[in-house]
Amino acid sequence: MSKNSENISRVKKRKQKSRKKLIFFIIVPLSILLITTVSYGAHVYNTAQEAANDSFQKIGRDGEKSALRDESVTPVEDNVSVLIIGVDDSEARNENNSRSDTLMLATFNKDEKDVNIVSIPRDSYVNVPGYGYTKINHAHAYGGHRKAIETVENFLNVPVDYFVKLNFEAFIEMVDTIGGIEFDVPFEMSELDSDDNQDAIHLMPGYQRLNGEEALALARTRKYDSDLERGKRQQEIIKTIIKETASASSVLKLDDLITSVGDNMNTNLTFSEMKSFLSYGLNTNLAINSITMDGEGGKMEDGLWYYQVDEQSRSEVENELREHLDLPVSTEKNYDFTQENSEEEIQNSSSY
């Protein structure tokens with residue numbers, strides 16, 4: 001073989017070795033990344049499934065279908081509603097008798113891929129089935145999530161297909177797990193923390209990063225504005241949490257996020273039904289539309305302070321939510337619970 005031929009051969013071998021090294025340094029890391037991602041994804045999937053199974057709890061109504069529905073619905077095929085119930089079940093209070101601190105009804109439209117959400121002021125003067133007229137947040141104390149659901153359905157004439165009940169610990173851990181949230185605090189405030197320590201949370205007005213305790217205090221406070229503004233503030237905080245959770249930096253925190261929420265949640269959503277909402281979460285242009293109910297507060301004959309929802313505003317909200325669920329819009333309520341529920345039903349409601 002000539003010297004020139006030997007040089008050409010050596011060059012070819014070097015190129016082949018270089019090509020093999022290039023393939024090695026590209027394929028191997030990609031393979032490791034792929035395996036890691038798949039393994040992590042499988043782990044998160046299993047964690048989510050286990051958390052969903054542990055938190056599952058039926059509503060306790062006949063056929064598990066709302067009386068305002070002609071047929072059962074699923075988030076896979078239908079527009080559905082979810083009632084979000086926030087409760088304080090800390091050791092300082094009796095969990096079975098806890099009043100709801102937050103009530104939000106969200107409707108999901110599968111075609112528009114958007115969400116409408118309305119906050120119901122906690123002091124709203126409504127008929128709690130079986131107990132008469134009182135504050136809506138008493139419903140949960142009287143009969144747990146089932147009585148809260150019945151009361152909201154009776155008040156708004158909108159079916160509640162699913163519920164998600166979260167305690168304060170879930171909220172705190174959720175915010176802390178994603179590293180806090182950026183939020184524009186509207187006023188200076190001093191509030192209790194989740195352990196009822198006086199003035200433990202002190203915030204100045206302005207755009208800042210809030211941890212879980214601070215975000216909860218801001219969401220709960222009622223001293224600095226109205227019940228109506230409180231509801232709007234809570235909606236904005238939830239939107240911010242959703243945005244932060246969906247960010248790329250939070251992906252590797254999903255395991256901790258699912259665990260923290262799952263340990264502090266009850267819902268009648270199965271794991272399969274939860275996955276059906278993924279299409280909303282994957283929509284980068286997801287619109288979360290905030291709805292409010294007008295009204296005014298004041299003391300009544302019993303000396304307690306109530307929020308009296310304006311009937312025209314309530315009716316408009318009812319129609320907007322029903323239309324979003326593709327249900328007939330009516331000018332008057334077509335479904336009501338009587339106040340004279342049987343003594344047996346009242347006793348049974350205490351078990352929910």
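This is a predicted model: local features need pLDDT of at least 70, side-chain atom pairs count only at pLDDT 80 or more; totals for chains, interfaces and linings use all residues.

User: Why is the contact of Asp123 with Lys135 called a salt bridge?

Analyst: The closest N and O atoms of Asp123 and Lys135 are 3.6 Å apart. The cut-off is within 4 Å between a side-chain nitrogen of Lys or Arg and a carboxyl oxygen of Asp or Glu, so the pair counts. Asp123 sits in the loop between β3 (114-119) and β4 (125-128), and Lys135 in strand β5 (residues 132-135), twelve residues apart.

User: How do you know whether Asp123 and Lys135 are buried or exposed?

Analyst: Buried means under 20% relative accessible area. Asp123 has 4%, so Asp123 is buried. Lys135 has 15%, so Lys135 is buried too.

User: What makes Arg222 a salt-bridge partner of Asp123, and which parts does the pair tie together?

Analyst: Their closest N and O atoms are 2.1 Å apart, and the limit is within 4 Å, so the pair qualifies. Arg222 belongs to the loop between α4 (212-220) and α5 (227-245), and Asp123 to the loop between β3 and β4, so the bridge ties together parts that are 99 residues apart in sequence.

User: Why is Arg222 called partly exposed?

Analyst: Its relative accessible area is 34%. Exposed needs over 50% and buried under 20%, so Arg222 falls in between.

User: Where do Glu150 and Lys147 lie, and what makes them a salt bridge?

Analyst: Both are in helix α2 (residues 138-156), three residues apart, about one turn of the helix.

User: Which residues are linked in a network of salt bridges?

Analyst: Asp101, Arg122, Arg220 and Arg230.

User: How many cavities of 30 Å³ or more does the structure hold, and what volume has the largest?

Analyst: There is one, and the largest cavity has a volume of about 100 Å³. Of its 16 lining residues, the closest to the centre are Ser119, Ile120, Pro121, Asp227 and Gly231.

User: Which element gives the largest share of that lining, and how do the lining residues divide?

Analyst: α5 gives the largest share, seven residues. The lining divides into five nonpolar, six polar and five charged residues.

Definitions and conventions. Residues are numbered from 1 along each chain as its sequence is written. Side-chain values use heavy atoms; hydrogens and water are left out. Helices (H or I, at least four residues) and strands (E, at least two) are DSSP runs, numbered from the N terminus. Buried means under 20% relative accessible area, exposed over 50%, partly exposed in between (1.4 Å probe, protein chains only). On a 1 Å grid over the protein atoms alone, a cavity is a set of points where a 1.4 Å probe fits but cannot get out, and a pocket is an open set with protein on both sides within 12 Å along at least five of seven lines; lining residues have an atom within 4 Å of a point. Grid points are joined across faces, edges and corners, and a volume is the space filled by probe spheres set on the points. Ala, Val, Leu, Ile, Met, Phe, Trp, Tyr, Cys and Pro count as nonpolar, Asp, Glu, Lys and Arg as charged, and the others, Gly among them, as polar.
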